[in-house]
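Subject: Structure handover

Hello,

Here is the structure for you to look over. My notes follow below it.

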Amino acid sequence: MKSRFLHFIEKHNLFKLNEKVLVGVSGGIDSMVLVDLFVKTQIPFIIAHCNFELRGVESDGDELFVQSIANKHKILFLSRCFNTVDYASSKNISIQIAARELRYEWFNELAKTHACSSVVLAHHADDVAETMLINLCRGTGLAGVHGILPRNGLFVRPLLFAQRTDIVEYANEHHIKFREDSSNIKDKYARNNIRHHVIPALKKSFPEAVLSFNKSASIITAQEIVYRNAIREFSESALTETSQHTAISIEKVMQFIEPEIGLFELLNPFGYNSSQVSDILANIIGQAGAIYLSPTHQLIRDRKFLFITLLNQNSEVESFQINNLEDTKHLPIKLNFEKLPKEMIQLKLDNPSEIILDASKLIFPITLRKWTQGDSFRPIGMRGRKKVSDFFQDLKIPTHIKSHIYLLESNKEIIWIVGYRMCDSIKITKTTKDLLKISVD
């Protein structure tokens, strides 16, 4: 067992044998065998124990037991009590998830404080098989099927080479004391049910079932690396990010070998689930403008792209009052006001980010705001009014761009769709005496 333990650490490059590590010890048989192997191999380590206060006197007994073992071997012992029930209730999560979150957060803190290169946990081969079965029953992808990895960030698991039978045999042979968690014998939890009934039933037909699960996990882990590289290359070709949005090429998605898988990988980081992805893909070709929401983002299907923007949590339309030509520092966009000499009256601008108007027709305060449905204005050169939405439609402006367009109002009249079109009512005429240029950066 000792030689296999060292070989596994070196094979997977879990940590250097002269580096100090933090070992999570519950007091159960798995973690106590782990402690014994660390003592026998003389790898420097400290012990951390979590008391989740879930089993009353029994939990306190576990803590005292682990502390006594640490004192016996003159190992630094660290412990913390957690009010796990209250934490789970406040977060609206299960007790198991609450204990995991509390444990991992504390272990991370301890590793930094005590300069430990890794946090060592006592998971073994049977845990891998159980995790794979649980994930398969719940529905999962490659990440769930590969089970428990030897290393996951700071956390390492050097006992994954051993089955539960190996650990029990080692504990008996070396007379290792341990504590039995009474909750482990109950079938209340899915993992215990699988451990007590499913795995033994599988072993009757397939004696090497646990080892087979672990071999499969290793193969799937290697395959996942290939898969992730392919997804990364696909993402680089299909996805473009700007300060305003993320754009996904519909053409690239449809050309991917498995469009739904590719689209899921692109959209999942934005909070979209598999059901939504299927719906988006089913309607990906058709009339533009369809909107799909995740808890955090908005996706708009355009003609050639899927545009993703952060969901605006504030549904109210903000407006910004401008009291004079210098009152611009508080604006969400950079507007510049500049008085021009009268001789520039014949100047014509081709740049849509600038307009020149009759200054006498501008009445302060003026207002800057986002456009809304129902807005209308009189575009320069037209006699009648036009809805802003129709104006955007004529220019074929994508929906995701429309949401970022501002209007400038004077005396409750739209005078400029910023960056696009000026209103006819403020244009320069033969009687104009004072000129004003407004530009946006």
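Three strands form an open sheet in the order S13-S21-S14, and their pairing is antiparallel. The edges are taken by strand S13 (335–340) and strand S14 (354–358); each has a single partner strand, so one side of each is left without a neighbour in the sheet. From one strand to the next, the twist averages 25 degrees. S14 and strand S21 (residues 435–440) run antiparallel and are joined by five bridges. Isoleucine 356 has lysine 437 in S21 as its bridge partner. Please keep in mind that this is a predicted model.

Another open sheet has five strands, ordered S12-S15-S18-S19-S20, again with antiparallel pairing. Here strand S12 (319–322) and strand S20 (421–422) are at the edges, and because each has a single partner strand, one side of each lacks a neighbour in the sheet. Within this sheet, strand S18 (residues 406–410) and strand S19 (residues 413–417) run antiparallel, with four bridges between them. Glutamate 409 is placed opposite isoleucine 414 in S19.

On to the helices. Two packed helices are described by the angle between their axes and the distance between the axes. For helix H6 (residues 125–138) and helix H9 (residues 190–205), the axes come within 10 Å and cross at roughly 100 degrees. An angle of 65 to 115 degrees counts as roughly perpendicular, so H6 is roughly perpendicular to H9. On the H6 side, the contact is made by Asp126, Asp127, Ala129, Glu130, Thr131, Leu133 and Ile134. H9 contributes Arg191, Ile194, Arg195, Val198, Ile199, Leu202 and Lys203. By class, the residues of this contact are seven nonpolar, one polar and six charged.

Two single residues may also be of use to you.

Is histidine 49 buried or exposed? Its relative accessibility is 3%, so histidine 49 counts as buried; the cut-off for buried is under 20%. Histidine 49 belongs to strand S2 (residues 45–51). A polar atom of its side chain lies 2.8 Å from the backbone oxygen of valine 25. Leaving aside residues up to four places away in sequence, histidine 49 touches Val25, Ser26, Asp62, Glu63, Val66, Phe77, Leu78, Ser79, Arg80 and Trp106.

Glutamate 10, in helix H1 (residues 2–11), has a relative accessible area of 54% and is therefore exposed. Its C-alpha atom is separated by 9.6 Å from that of proline 158, a residue 148 positions away along the chain.

Regards

Definitions and conventions: Residues are numbered from 1 along each chain as its sequence is written. This is a predicted model: local features need pLDDT of at least 70, side-chain atom pairs count only at pLDDT 80 or more; totals for chains, interfaces and linings use all residues. Side-chain values use heavy atoms; hydrogens and water are left out. Helices (H or I, at least four residues) and strands (E, at least two) are DSSP runs, numbered from the N terminus. Buried means under 20% relative accessible area, exposed over 50%, partly exposed in between (1.4 Å probe, protein chains only). A polar contact is a pair of N or O atoms within 3.5 Å; within protein, one must be able to donate a hydrogen and the other to accept it, and residues adjacent in sequence count only if both atoms are side-chain atoms. Contact means heavy atoms within 4.5 Å. Axes are lines fitted to C-alpha atoms, for helices over the stretch in contact, and angles run from 0 to 180 degrees between N-to-C directions. Angles under 35 degrees count as roughly parallel, over 145 as roughly antiparallel, 65 to 115 as roughly perpendicular and the rest as oblique. Ala, Val, Leu, Ile, Met, Phe, Trp, Tyr, Cys and Pro count as nonpolar, Asp, Glu, Lys and Arg as charged, and the others, Gly among them, as polar. Two strands pair if DSSP finds at least two bridges between them.
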